[in-house]
Amino acid sequence: MTDDSTPSLAAIGATLAYDRHVVFDGIDLEIRRGEVTTLIGANGCGKSTLLRAFGRLLAPTRGRIELDGRPMASLPTRAVARRLALLPQKPLTPSATSVRELVSRGRHPHQSLLHPWTPDDARAVTQALAATGISDLADRDAASLSGGQLQRAWIALVLAQDTPMVLLDEPTTFLDLNHQVELLRMVRRINRQRGTTVVMVLHDLSLAARYADRLVAIASGRVVADGSPWDVLTPATLRNAFDLEAAVIADPYTGSPLVVPTEPDGPGAPAGSEAVPSRTGQSTRPGQSTQAGQQVRLG
Amino acid sequence: MTGLSGPFTWGAAPYAGHRTGLVTAVCAVAVLIVGVAGLVAGSSDLTLADALRTLVGAGSPPQQLIVLELRLPRVAAGLTVGAALGLAGALTQTFARNPLATPDILGVTSGAGLGAVAAIVLAGGSYSLTSAVLGLGLPVAATLGASVTALVVYGLAWRDGVDSYRLVLIGIGATAAIGGLTSFLIARAQITEAAAASQWLVGSLSGVSWPSVRPVLLALVVVAPVALAQGPDLDAGMLGDDVAAGLGVAIQRHRLLVLGCAVALTAAAVSASGPIGFVAFVAPQIAQGLAHRARPPLLASALVGSVVVTGGDAFARSVLPGEIPVGIITVAVGAPYLIWLLLHNTERKDMA
């Protein structure tokens, strides 16, 4: 087996481009095993491009993507599919397909003409349905599900693939906040319980911080910050990567960083010219957060 | 019904695998019935018992002539051509995730027709060439025409992936252009070849013989297993190209295989009988509707194709007056269905 210290997935000097438009010119990024890594960045910064490259949907024009220390391009796509599952942004929901049938498509890389459907496949599908809390929807037509339910079904498909690594491209888009939180909670539970390495792209910074072990901020084709949510979500990074003036405070419940955009001349803006209030300009660390959390809860 | 799974089992989709198997079995029985009916149907007063007795070698010499020499090749042609068209249509409809994307509409059928007409017209005015043309030249010319058309249409539709509506629109354009070329060839031809080619272009099973059945049978035997093996990849493809790639489908190779299978089947069918319109369009849709699935089931589509062509031909011979080519019957049935589908197809517009 591969050494645990080997990065499970890595971009090595990878140049990623669509036609002649270069999005990344030689990017290096290692994804560590067992972590939830979330890519953040402004629209069009290339975070989805990078995820697509990790998922071999986009081949680097220079450099390479490595899976378990081996160049991904040299591996058969089916073998990659047994190590790495991915959920793209806009999957097509087929008609006349039950949820169970949809989820069972996740077993595709484990099957062949000589090895058709086995009890193992059925077990993986049942487990995936249970892990995503949609067992009681299994016989429903997938097209009849609500947005939140459907997204769970897609995650179940990815889980049924039974891979040590999962890539999710904006899995919470178009979901209500309660479903976003539900979904991310589920993703983290899967990460904790199964040890699945998760790489995802998220828009909502505070949710990203809350459910990720590591954030990677991307702006104009490079990594501008990389580390724990508190290391990455600083007012300076937000200004650079998102062109956003914001304070970062501790989430009163979890202690994870919460991004609060500031108003340049609105209520609460300091009289001085500093766009970011100095009090919150320094990140409030988790250690200091408990009290604030209680205050909010009481208030 | 255990009653334990809660209210959500209400309106549950049936488990697709079982239903598809059942539908396929029913279609196979229908093929048998239609095949026998095709032997019996026609102007001479042959009974079912006569036909079956003749099949096992116990008929009178005139019965043997009618059943074995005239009707059997015709039924065999109907079954194989129908199966080839039904399978080809199921492949292209699934591949483009659009029921409009059939070989007829994508220009593949017209391409095969152009190749075949060129072979008929340019073979020279002698009837002695006919059997050689039928046996070898026609299928090859049809395959060439179909392949070139498919590649051109696919290439023109390609823009970072293939949008199915662009594919259909370019196919319609290609069909029109090829129709013009075909008319030009016919207009320039000698009157006898022109007549033969025009008659052939309607799509008919009259006058088919064993030599024209053989290429279709060969194409089916070679291509059908390859196509059926693509089933799981086709299922994955219904979830979008990105999902399919994530599931380990080698998309480009899969696409080429599916398109290649559809082209070979269409070309073989067209070279045997001429273009029998709308079979590749209607048969997979009927099979899909019966099986209640996300895509047309391949084997059932082929069987429905057999039933439609053989049954249509038997119907024309026994019920309708005069010798009406089966191609006219399939168009008469298929065209209204196409219009109906266009009117009810707004929801599937956005397939990428």
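**A hairpin, then the rest**

Modeller: Let's begin with a strand pair: A:Val248 has A:Val259 as its bridge partner in β12(A). This is a predicted model, by the way.

Colleague: Which strand does β12(A) pair with, and in which sense?

Modeller: With β11(A), in the antiparallel sense, over five bridges; β12 covers residues 257-261 of chain A.

Colleague: How many residues sit between β11(A) and β12(A)?

Modeller: Six, and the two strands form a hairpin. In the turn, A:Gly255 has a positive phi of about 80°.

Colleague: Is β11(A) largely enclosed or left open?

Modeller: Largely enclosed by the rest of the structure, because four of the five residues in this strand (246-250) are buried.

Colleague: OK, on to the sheets. What's the strand order in the six-stranded one?

Modeller: It goes β6-β7-β8-β3-β9-β10, all in chain A, and the sheet is open with mixed pairing. β6 (84-87) and β10 (222-227) of chain A are at the edges with a single partner strand each, so each has one side without a neighbour in the sheet. From one strand to the next, the twist averages 15°.

Colleague: How do β3 and β9 of chain A pair?

Modeller: In the parallel sense, with five bridges between residues 36-41 and residues 214-219. As an example, A:Ile40 has A:Ala217 in β9(A) as its bridge partner.

Colleague: And the sheet of four strands, what's its order?

Modeller: That one reads β2-β1-β4-β5 in chain A; it's open too, with antiparallel pairing. Its edge strands, β2 (21-31) and β5 (70-71) of chain A, pair on one side only.

Colleague: Which helix packs on that sheet?

Modeller: Helix α1 of chain A, residues 47-54. It touches β1, β2 and β4 of chain A, and its direction is at about 120° to that of β1(A).

Colleague: How many bridges join β1 and β4 of chain A?

Modeller: Five, between residues 9-18 and residues 62-67, with the strands running antiparallel.

Colleague: Switching topic: which residues touch the most other members in the largest nonpolar core?

Modeller: B:Ala84, B:Leu87 and B:Leu265, out of 99 residues in that core. Helix α3 of chain B (residues 61-95) gives the most to this core, 15 residues.

Colleague: What does B:Ala84 touch, leaving out residues up to four places away in sequence?

Modeller: B:Val216, B:Ala219, B:Leu220, B:Leu265, B:Ala268 and B:Ala269. Another core, of 91 residues, lies apart from that one; its members include A:Ala81, A:Leu207, A:Ala246 and B:Ala245.

Colleague: How many residues does each chain put into the contact?

Modeller: Chain A brings 28 residues and chain B brings 25 residues. On the side of chain A that touches chain B, α2(A) has the largest share, with four residues. By class, that side of chain A has 13 nonpolar, seven polar and eight charged residues.

Colleague: Last thing. Where does the pLDDT stay under 50 in chain A?

Modeller: Residues 272-283 are one such stretch, with 19 contacts in the model beyond four places in sequence. Residues 286-299 of chain A are also below 50, and that stretch has 14 contacts beyond near neighbours in sequence. Chain A as a whole averages a pLDDT of 86, and 86% of its residues score at least 70.

Note on methods
Residues are numbered from 1 along each chain as its sequence is written. Chains are lettered from A and ligands numbered from 1 in the order in which they are written. This is a predicted model: local features need pLDDT of at least 70, side-chain atom pairs count only at pLDDT 80 or more; totals for chains, interfaces and linings use all residues. Two strands pair if DSSP finds at least two bridges between them. Axes are lines fitted to C-alpha atoms, for helices over the stretch in contact, and angles run from 0 to 180 degrees between N-to-C directions. Two residues are in contact if their C-beta atoms, placed from the backbone, lie within 7 Å. pLDDT is the predictor's confidence in each residue, from 0 to 100. A nonpolar core is a set of buried Ala, Val, Leu, Ile, Met, Phe, Trp, Tyr and Cys residues joined through C-beta atoms within 7 Å. A residue is buried if 20 or more other C-beta atoms lie within 10 Å of its own, exposed if 12 or fewer, and partly exposed in between; C-beta atoms are placed from the backbone. Ala, Val, Leu, Ile, Met, Phe, Trp, Tyr, Cys and Pro count as nonpolar, Asp, Glu, Lys and Arg as charged, and the others, Gly among them, as polar.
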